[in-house]
Amino acid sequence: MVDLNMKVVEPRKLTPESRFKFRCHPGISCFTECCGKTTIILTPYDILRLKNRLNMKAKDFLAQYTRMELHDKSGLPMMIMDMPRFEHHCPFVKPVTGCTVYKDRPATCRYYPIGQGSLITESGLDEFYFYVREAHCRGYEEQDEWTVATWRLDQGVDKYDEMNRDWKLMMLRRAENGGPVTDERGNKLFAMVLYDLDQFRNFVFKSRFLTVFHVEDDVKERIWDDDEELLKFGYQYLKSALNIEDTLEVKQPLGPGPGATTMTF
Ligand code: SF4
Ligand code: SF4
């Protein structure tokens, strides 16, 4: 998997048409080696998929498997799963059968040996790719041919990219607009909305949220028990709170006190 160590990144920007050879399979000599030598940034959608797969509350999943770190360029919180903490074995890997959460594995694991980078340009978000070459990985000695586009399709990353795009945009925009800001309260809200959907659901339905913001009934129904819809709604709410877009209609001005939703990003 992709280590945050940039030495393994090939300094060549790939496009969807770029070609490469790769195959990963249980018979390969390095099988599962990569899963212990890595640090993975878990995206909001990774966490959603994994906690549901493991039938865990987000809070318990985060406590058991992740640590929080502030993104150096934006100052916003990120959730990290680093394998040294688990004695250099991903907690989800088994020696013979491999990944036990394969259908819900994180985006980074899906993309490997491709990495994805993102930049904000004048025309919007530019997503590009690069090749990750780690010495222990023998998969690139195999002969199966791919383009980045066919690999993405095969690994089912489209849905992940779609669900994580707003998260990346918020990080990049914050990084562009002056860089890291120390805002403990704002960061707590950001982490709760995007990484702890169970707590965000309680926040929406059990605080003053619905008396402050106008939320259509059909949206309320969808976010009541659908985590994907709740995550999409979370992005809408944060865009409003971050003053990126007027996405939510305010019914009542906010005041101090429990449930107040002000952010000072
Ligand atoms: S989630 Fe699965 S693929 Fe990713 S590092 Fe862990 S065992 Fe490997
Ligand atoms: S081929 Fe690469 S990705 Fe597959 S198990 Fe080996 S090290 Fe991991």
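Predicted model: local features only at pLDDT ≥ 70, side-chain atom pairs only at ≥ 80, totals over all residues.
Buried residues, meaning those with 20 or more other C-beta atoms within 10 Å of their own, where C-beta atoms are placed from the backbone, make up 29% of the 265 residues in the protein. Residues are numbered from 1 along each chain as its sequence is written, and chains are lettered from A and ligands numbered from 1 in the order in which they are written.

The protein has 10 helices and 11 strands, which are DSSP runs numbered from the N terminus, with at least four residues (H or I) for a helix and at least two (E) for a strand. Its radius of gyration, taken over C-alpha atoms, is 20 Å, which is close to the 18 Å that the globule rule (2.2 Å times the number of residues to the power 0.38) gives for 265 residues, so the protein is as compact as a globular protein of that length. Along its principal axes, the C-alpha trace spans about 60 × 40 × 35 Å.

An automatic or database domain assignment gives domain 1 (6-172) and domain 2 (182-250), and the C-alpha centres of these two domains lie 26 Å apart. The contact between them, where two residues are in contact if their C-beta atoms, placed from the backbone, lie within 7 Å, takes 18 residues from domain 1 and 16 residues from domain 2. On the side of domain 1 that touches domain 2, at least two residues each come from H1, H2, strand S4 (77-82) and helix H5 (158-176), and H1 gives the largest share, five residues. By class, this side of domain 1 has 13 nonpolar, two polar and three charged residues, where Ala, Val, Leu, Ile, Met, Phe, Trp, Tyr, Cys and Pro count as nonpolar, Asp, Glu, Lys and Arg as charged, and the others, Gly among them, as polar.

Asn55 counts as exposed because it has 7 C-beta neighbours inside 10 Å.

Most residues other than glycine have a negative phi, and most peptide bonds are trans. Thr32, in the loop between strand S1 (19-21) and strand S2 (39-42), has a positive phi of about 75° although it is not a glycine. With 18 C-beta neighbours inside 10 Å, Thr32 counts as partly exposed. The peptide bond from Tyr112 to Pro113 is cis, with omega near 15°, and Pro113 sits in the loop between helix H3 (107-111) and strand S7 (114-121).

Both Thr32 and Tyr112 belong to the surroundings of ligand 2, which also include Cys24, Cys30, Cys34, His136 and Cys137; a residue is near a molecule if its C-beta atom, placed from the backbone, lies within 6 Å of it. The shell around ligand 2 divides into seven nonpolar, three polar and two charged residues. Around ligand 1 there are 10 residues, of which Cys35, Cys90, Val93, Cys99 and Cys109 come nearest, and the shell of ligand 1 holds nine nonpolar, no polar and one charged residue.

Notes. Buried ≥ 20, exposed ≤ 12 C-beta atoms within 10 Å, placed from the backbone.
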